[in-house]
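My entries follow the structure.

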Amino acid sequence: MGATWDADPILDVEHLTMRFGGLTAVDDLSFVAGRNEITALIGPNGAGKTTVFNCITGFYKPSEGRLSVRHGRGDAKEGADRLARLTMSGRRHRGRGEDAVFLLERMPENEVTAKARVARTFQNIRLFAGMTVLENLLTAQHNSLMRASGFTVGGILGLPSYYRAQAQAIEFSRQWLERIDLVDRADDAAGELPYGDQRRLEIARAMCTKPVLLCLDEPAAGLNPRESAQLNTLLRSIRDDGASILLIEHDMAVVMGISDHIVVLDYGQKISDGTPEAVREDPAVIAAYLGIADDDNAVAQGATR
Amino acid sequence: MATAKSTRAQQTLPAASPKFDLVGGVREAGIAALIALVLAIPLLSERTVQEAGGLVLVSRWWLAFAAAGIVFAGRLALNLLQQSGRDARDGLSAVIGRNTAWLGDTSRFLAPGMLIFAVILPIFPFSDRYIMDLSVLVLTYVMLGWGLNIVVGLAGLLDLGYVAFYAVGAYAYAIIAVHFDLSFWVCMPIAGAMAALWGIILGFPVLRLRGDYLAIVTLAFGEIIRIVLLNWTDLTNGPNGISGIPRPTFFGLEFKAIGDNTFADFFGLTYSPLQRIVFLYYVILMLALLTCVVTIRLRRLPVGRAWEALREDEIACRSLGINTTNTKLTAFAIGAMFGGIAGSFFATRQGFISPESFTFIESAIILAIVVLGGLGSQVGVAIAAVVLIGGFELFRELELYRMLIFGLAMVLIMVWRPRGLIATRTPSVVLKDRKAIGADLVGEGR
């Protein structure tokens, strides 16, 4: 196809299959997410989008398939060789820095975030409701702070290096709070925030893990049009800062507005893959959405615009 | 503190309306009294007494009428209270809420006040041997409460077998001290490390368990340890326990009436058994404060925040790259370590330990202290320990009735302050200003 995402993928999903007993939720799905791009995963309800997400982020162990993440650009062929060697080796990851390649299906969920640097949000928001907004963001920087505190020993003794690291972490959190416009509520409990703010906070919290790939599960669900537009701006700015985004979304205004690349799922299989323009006019997509009024309208409107 | 003030304003009682529907109230109370009388006649009015000629019925009519009278008065009072413009339950709730809200409000001043009082307690004239013994006991439970608070209050892992670590610490100290003739100060860290090790050993199998299942397994663990202590006669001397456990020394000076290196001799004092007790008091005060300071520090470190995050939402924790296995194990290990150190102190204070001291009721009392005090609150746990253990001793003359009072007090507190005396959470880090977080938002763990 020669698309940008094929040339330089950050995430490569190959033959992903997930079975729950007799039910095949995801069936031989392959797609790539391009580096520094926003990739949308759409499809009717029950198409298997969240299952794909859970496989990518390590919450499910896929029945079959390979999920690889490459941190560096590098030569595509060299990257493929490295990946092949890693697949044969039985290890979870290989190389450092720009050369690093990871096999997500071999990793538990916390390593997916800590090592492969793939962060996620949840469809039903999962903030630490009883902790403050700032604490939520600091918890996301747990691993780096843990090292700075000498795995607690240095922190207990009150070494100055830990306090420096904590000050830096607070500063990093403050910058994110400014970006999502929540600095004034930094010391309020996360559970007290309005819904839209909680959505943005969850994204900022995921970004505080310093990911290369951010996976968002329906980030615009429940947002009003104004908040939805703010979200678009935020997601674009995250992409422009160098991170890649993979998102599941039902809100077609968001999907069509910001995606560089759309993958459409139905009954666990890929039915379309391409740019927003191409997907919008794909007869298979229109057929899949027929009978589901809201989404159908949105796609139809997009198609006739 | 803004939230605390606003809730206090809401809890101000509305002005009582002057008019009561007295007739209606009396009628309703009369009906209740009648029902009570009907119930009381078969239950209370007759009693069989063993006499020479066999069983004899003794009539006690007055008891049934007394019961009816009590119900009448109580019901009438309740009616009047309800009619005065508020629901009795809410009214009482507000009174209790108001009277305990200051706990959260003033805990900043309360903590230093309590600390100063604890430090100067032995010099008060009323501090006789009984008071000092009781204070040592209370402080032991304060320390145990603070230790368990790490596991239950911060990490949200319901542990019903905490006494196991207390027992491991006590036995570790007793066995090492008796067999290897080492001093308390050497053995104490070993006992703590042993308990921490057992904390990890317990932690591994229960990593995947939450809530009720975790509670049951920890409960079983507590019993296993006790039964092993009871049956492993070669090591623990079984039900006979271990006696002759060495007493702690003050830099090598012993607390004895006669001997070479006694404390009284060295400082030129006349010997008094109170000296040893005051010394023990300061030892346990220091150990408890160590627990407290370490816990407060841990809360502000990444590991402490990870514990609290684990209590709030374990899945979100894992999505942020936190290794929940290690996080849970550190909570179990550190909680167990303080339990073990408290156990070694218990052994050295008593001089004798047996498995009887480590029954389930101990775990229940420690857990009650943590829950009553408020999960995660250091000051609350200290107050609860003083009230529970002190109160228990205070009502000693009442014998079995004190269990009744104890149970009733627990029920009342759980009805009116379900999140404990100090339910608000203080943030571990602030950007601009520190605000307490309301109990309704803070997770309880499962």
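I first looked up the spacing of the domains: the centres of domain 1 of chain A and domain 2 of chain A, taken over C-alpha atoms, are separated by 27 Å. Chain A is divided into domain 1 (4–116 + 212–304) and domain 2 (126–210), with bounds that come from an automatic or database domain assignment. The contact (heavy atoms within 4.5 Å) takes 20 residues from domain 1 of chain A and 13 residues from domain 2 of chain A.

I note that this is a predicted model, in which local features need pLDDT of at least 70 and side-chain atom pairs count only at pLDDT 80 or more, while totals for chains, interfaces and linings use all residues. Residues are numbered from 1 along each chain as its sequence is written, chains are lettered from A and ligands numbered from 1 in the order in which they are written, and side-chain values use heavy atoms, with hydrogens and water left out.

Next I looked up the area buried between domain 1 of chain A and domain 2 of chain A, which is about 1100 Å², with 65% given by carbon and sulfur atoms; buried area is the accessible area (1.4 Å probe) that two parts lose on being put together, summed over both. Of the area that domain 1 of chain A buries against domain 2 of chain A, Leu214(A), Leu234(A) and Ile238(A) supply 32%, more than any other three residues.

Last, I looked up charged pairs and found a count of one salt bridge between domain 1 of chain A and domain 2 of chain A, a term for a side-chain nitrogen of Lys or Arg within 4 Å of a carboxyl oxygen of Asp or Glu. I also noted that the side chains of Asp241(A) and Arg179(A) meet in a salt bridge (2.7 Å, N to O).
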